[in-house]
Every structure is written in structure tokens, then in C-alpha cells.
Amino acid sequence: MVNITVKTSKDKVISISAKGHANYAANGQDIVCSAISAVLAGGFNALQGKHDLKVESGDTHYKCGDFISIHDEHVLETIVTQLLSIQESYPKNIRVSIDED
């Protein structure tokens, strides 16, 4: 299972961490893993501000910088919405937890 932790402060996303593997299918055929990767990569590539992003062996850790533009707020909200949609369809393979800071 992929565990996604979204941390928010004052209803704004301040960090996203993704750990684990979906285990929906064999490597190279796992549509859940592909969907999660596409959402995270596409979303993070759309961010305009300076942020801390680390990808290590499939684990992803994002932390916002000191200032988040309106554009980046919308991108982060979209990432979370898309991840929640994947969780709705594949609850055995992805868990999204939202923690208010």
C-alpha cells in the first residue's frame, strides 16, 4: 500500500509525503502506482515557487517554502484531490491521511 500523508496549516497544504508500493500488479504493470506517480510528478512539475522536494527509492517528500503563491496553492489542492480520487477507487492500494498542523 502507498501511504500518503498530507499536512496542512490553516487549510493550506504545507507538505506531502508518499511511501510504499501499491502492489496492485507486477512492476511495470501497476496502474495504481502509475496513477500516483503521474499525479505527483505532474503536480510537482507545475509548481512555480521554491520548494523542498526529495525522491528516494520511490518515496517522495515535498515541503513548501516560506511563501506559497495562489497558483501553487491551487496546484497542491489539485494534487490532493486527485490522490483522494485514486484512493476512492483503490482503497486497498492507497491511503491518504490529512493532518492539520
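A nonpolar core is a set of buried Ala, Val, Leu, Ile, Met, Phe, Trp, Tyr and Cys residues joined through side-chain atoms within 4.5 Å. Buried means under 20% relative accessible area, exposed means over 50%, and partly exposed covers the range in between (1.4 Å probe, protein chains only). The model is predicted; local features need pLDDT of at least 70, side-chain atom pairs count only at pLDDT 80 or more, and totals for chains, interfaces and linings use all residues. Residues are numbered from 1 along each chain as its sequence is written, and side-chain values use heavy atoms, with hydrogens and water left out.

The largest nonpolar core holds 24 residues. Ile4, Ile16, Ile36, Leu40, Leu76, Ile79 and Leu83 touch the most other members. At least two residues of this core come from each of S1, S2, helix H1 (31-46), H2 and S5. Helices (H or I, at least four residues) and strands (E, at least two) are DSSP runs, numbered from the N terminus. H2 supplies the largest share of the core, six residues. In soluble globular proteins, nonpolar side chains tend to be buried together.

Residues up to four places away in sequence are not counted; Ile4 then touches Ile16, Ser17, Ala18, Ile36, Leu83, Ile94, Arg95, Val96 and Ser97.

The sheet comes next. Five strands form an open sheet with mixed pairing, in the order S3-S4-S2-S1-S5. Strand S3 (52-56) and strand S5 (94-100) are at the edges; each has a single partner strand, so one side of each lacks a neighbour in the sheet. On average, neighbouring strands are turned by 15 degrees against each other, direction ignored. Strands count as paired if DSSP finds at least two bridges between them. S3 pairs with strand S4 (residues 59-63) in the antiparallel sense, over five bridges. Asp52 stands opposite Lys63 in S4.

Helix H2 (residues 70-89) lies across strand S1 (2-9), strand S2 (12-20), S4 and S5. Its direction is at about 135 degrees to S5. Axes are lines fitted to C-alpha atoms, for helices over the stretch in contact, and angles run from 0 to 180 degrees between N-to-C directions.

Ser15 belongs to strand S2. Ser15 is buried, at 13% relative accessible area. Beyond its neighbours within four places in sequence, Ser15 is in contact with Thr5, Val6, Lys7, Tyr62 and Lys63.

Two aromatic pairs are present. Rings of Phe, Tyr and Trp (its six-membered ring) pair if their centres lie within 6.5 Å; planes under 30 degrees apart count as stacked, over 60 as edge-to-face and the rest as tilted. Tyr24 and Tyr90 form an edge-to-face pair, 5.3 Å centre to centre with 80 degrees between the planes. Tyr24 sits in the loop between S2 and H1, and Tyr90 in the loop between H2 and S5, 66 residues apart. Tyr24 is partly exposed at 42% relative accessibility. Tyr90 is partly exposed at 26%.

Phe44 and Tyr62 form a stacked pair, 5.2 Å centre to centre with 20 degrees between the planes. This pair joins helix H1, which holds Phe44, to strand S4, which holds Tyr62, 18 residues apart. Phe44 is buried at 10% relative accessible area. Tyr62 is buried at 2%.

The structure holds zero disulfides (pairs of cysteine sulfur atoms within 2.5 Å). Cys33 is partly exposed at 31% relative accessible area, whereas Cys64 is buried at 15%.

Note on methods. Contact means heavy atoms within 4.5 Å.
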